[in-house]
2 protein chains.
Amino acid sequence: MRCEVIAIGTELLLGQIVDTNSAWIGEQLALAGIDSYYHTHVGDNLARMMDALRITLGRSDAVIVCGGLGPTHDDITREAIAAVMGAPLVRDESLAQRVRERFVSRGREMPLSNLRQADVPEGASIIPQMPGTAPGLICPVGEKIIYAVPGVPYEMQEMVKGHVIPDLQKRAGSAAVIASRTLRTWGQSESGLAELLAPRITELDRIGNPTLAFLASGIEGIKVRITAKGGDRNTALRILDEEDKRLRAILGNLVFGVDGQTMESVVIEWLRERDLTLAVAETFTGGLLSARLTAEPYADEVLRGSIVLGSDETVSELLSTPAWPMEPEAAAETLALAACRLFRSDTGLAATVVARPPAPSTPAVSTVFLSVAGGNNAETRSMRLPGDRERVRQFATINLLNLLRLRLAAS
Amino acid sequence: MRCEVIAIGTELLLGQIVDTNSAWIGEQLALAGIDSYYHTHVGDNLARMMDALRITLGRSDAVIVCGGLGPTHDDITREAIAAVMGAPLVRDESLAQRVRERFVSRGREMPLSNLRQADVPEGASIIPQMPGTAPGLICPVGEKIIYAVPGVPYEMQEMVKGHVIPDLQKRAGSAAVIASRTLRTWGQSESGLAELLAPRITELDRIGNPTLAFLASGIEGIKVRITAKGGDRNTALRILDEEDKRLRAILGNLVFGVDGQTMESVVIEWLRERDLTLAVAETFTGGLLSARLTAEPYADEVLRGSIVLGSDETVSELLSTPAWPMEPEAAAETLALAACRLFRSDTGLAATVVARPPAPSTPAVSTVFLSVAGGNNAETRSMRLPGDRERVRQFATINLLNLLRLRLAAS
């Protein structure tokens, strides 16, 4: 089974928007074991969209078209697909009613053009998930299939996860129900994980169900996707749960979460569960740690505060550490403890670096010290991180959060 | 002149990397007045790369191929282009020597495979700019042309800006030397800018040189690109400088920088020039402002510190503001002044929001208060910002920096 991705929108070609949808869909396809050999960007132009659709259908079994399903005149994905299917657009009355009701419920007048969103190519059906106003479409073209989904990421993601991927897997030959889960890991390389899981992978190669896939995702860690098949949904979920348990028994604390969880969301959740508060003192990470934490919904319940220290005098004054400046290892510990004191928090975090990380575009390796304080003691680890300054800042941040996670897990 | 972009790499298809290069190149092409109708992602596979190249050359005049020029066995862009050109790969001795010298100068042994980077399709020439180890290639195919550039962004950007775009413009029919500059603006909508510049645009339509292009870039502001032609470089630059001056006379303080400058780099530069220091107190922006500032090279010379306040008690204790909590407008002013006091800085910044910005995916409008303090007084502005929480955080941050910029400009 081969499935391509076409992202629609002149704004993508002009560089006004970076296309993150194709990467997201590409990852889902890879994790589901579906080959994807090309992604295409094309503008809001009927003839060129039709060309792009024909080229993809000529070389692949399916295509996910993303974007161009809105109500305005330049949203012409429906028209392009209908033309390629050789079918007219037909107004779906239940969709039209739904669009009307949405406006009524908001007390707003509906521009007539909005009913365009209820137009469906004859022979196409509608994706059951519809988190926004734009319906997703399932459009057969001979033996091939076009899925049309909105460009709004959360709408697209719900449709692709909820319908498109399972439908593709079914078309790929399996009549079984498929369920999958991604274990998020941090702290081991891809080859390290593969080594740890080698005996189980060999077993699974023999059994054939569930299957595992690995995906290295930089600062998001390495993802291990479990895909299970069953005669019905409960059976598939049972197989999934059992494999989840088995893998966690092997990987232990390397697993920090599942599916959409991030390192910071897990840390915040665990702190909330334990009724603990957090404070941060940042030097070279410069607010990055704090910005990541506060982007999470419940950060304000645990993060008592954070301070970014721009100069040595500020440190010695504000944190009452007269011996400053000090060696980076001692400095990390001192800062983490001082953050606790300053903000009266249960836990304090700080990171320091031996030399300022190099400027962008000069690869190098930096040594960082990561410290987690609680009460009157702190645990400090050193770590060597390759890359430019921004990469070192990013990886120091995520590693520091991971250190806190491991400490919370042990408590 | 039509030019497409092909981004090479299986990691793009798997979603391990988001392709930002195509958007960047797309923007450069748009600003240079070159049409670009398709972007393609293809993996490290010879047959599929050749197919992608043939399809693009069939419908466009030129293609920029990005990536796959490294020394490892999966870097096969050179081979794919040579195959499409019907030409053998020939080792370029001067390039080979350059590769060798680079290893010698670092005292490292060179793996023989690295010499692959000196292989060039017969008939191709080398892009003069070479900031890394991978040479860029100019490969004629009949009347059409393939440019191959590395996937590393800064290497790619230097080659595309320095050679590919001017070369495309020359091929587009102009024998003149072309020079261009982008004015970075903040504070006016695209239509607002167009209105301000309407008389000049009408004049330029008649004169034909230089030309202007607008590009809305979200949090990066709206870009106004000037492209000037001249019989020689000096003439082109003179026309460019004159137009730059003329536009600035109309746009005034809406222009915050040129080309690669960011709002934060400009603010830091101006603070340095004036020998002023900065401090930040953040609530709902949660470290974002601080993280943006400290990502800039000279931030440590001006940013004395920043504090993120997670709870009301922290504010009243640390900032010695017993009346806390207070109304958001007064709060912004109080925080900005307190940041100055706490870190003993010349300038203080703070932003507050009336209600917590809504959760992601629920569009709404938030009112924010942005305050810039200096000495014992502060200037506070309110602003209504649409969008989800993350967008409000981002736009509050950039608008606050802009407020400081305007204040510095007036001082």
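A crossing of two helices is left-handed if the near helix is turned anticlockwise from the far one by less than a right angle, and right-handed if clockwise. H9(B) passes H14(B) in a left-handed crossing. Helices (H or I, at least four residues) and strands (E, at least two) are DSSP runs, numbered from the N terminus.

This is a predicted model: local features need pLDDT of at least 70, side-chain atom pairs count only at pLDDT 80 or more, and totals for chains, interfaces and linings use all residues. Residues are numbered from 1 along each chain as its sequence is written, and chains are lettered from A and ligands numbered from 1 in the order in which they are written.

**Helix pair in chain B**

H9(B) spans residues 263–273 and H14(B) residues 389–410; they pack at about 35°, with axes 10 Å apart. Axes are lines fitted to C-alpha atoms, for helices over the stretch in contact; angles run from 0 to 180 degrees between N-to-C directions. Trp270(B) is one of the H9(B) residues that meet H14(B), where the partners include Leu401(B) and Arg405(B). Contact means C-beta atoms, placed from the backbone, within 7 Å.

**Two copies**

**Interface**

51 residues of chain A contact 51 residues of chain B. On the chain A side, S14(A) gives the largest share, 7 residues. Of the interface residues of chain A, 100% are also interface residues in chain B, so the copies meet through the same surface.

**Sheet and strand pairs**

An open sheet of 10 strands, with mixed pairing, runs from S17(A) through S14(A) and S14(B) to S17(B). S17(A) and S17(B), both 377–386, stand at the edges with a single partner strand each, so one side of each has no neighbour in the sheet. The twist averages 15° from one strand to the next. H13(B) (residues 328–343) packs on the sheet, its direction at about 150° to that of S15(B). Strands pair if DSSP finds at least two bridges between them.

| Strand pair | Sense | Bridges |
|---|---|---|
| S13(B) (residues 278–282) and S15(B) (residues 347–353) | parallel | 5 bridges |
| S2(A) and S2(B) (residues 38–42) | antiparallel | 5 bridges |

Val280(B) has Leu349(B) as its bridge partner in S15(B). Tyr38(A) has Val42(B) in S2(B).

Notes. Contact = placed C-beta atoms within 7 Å.
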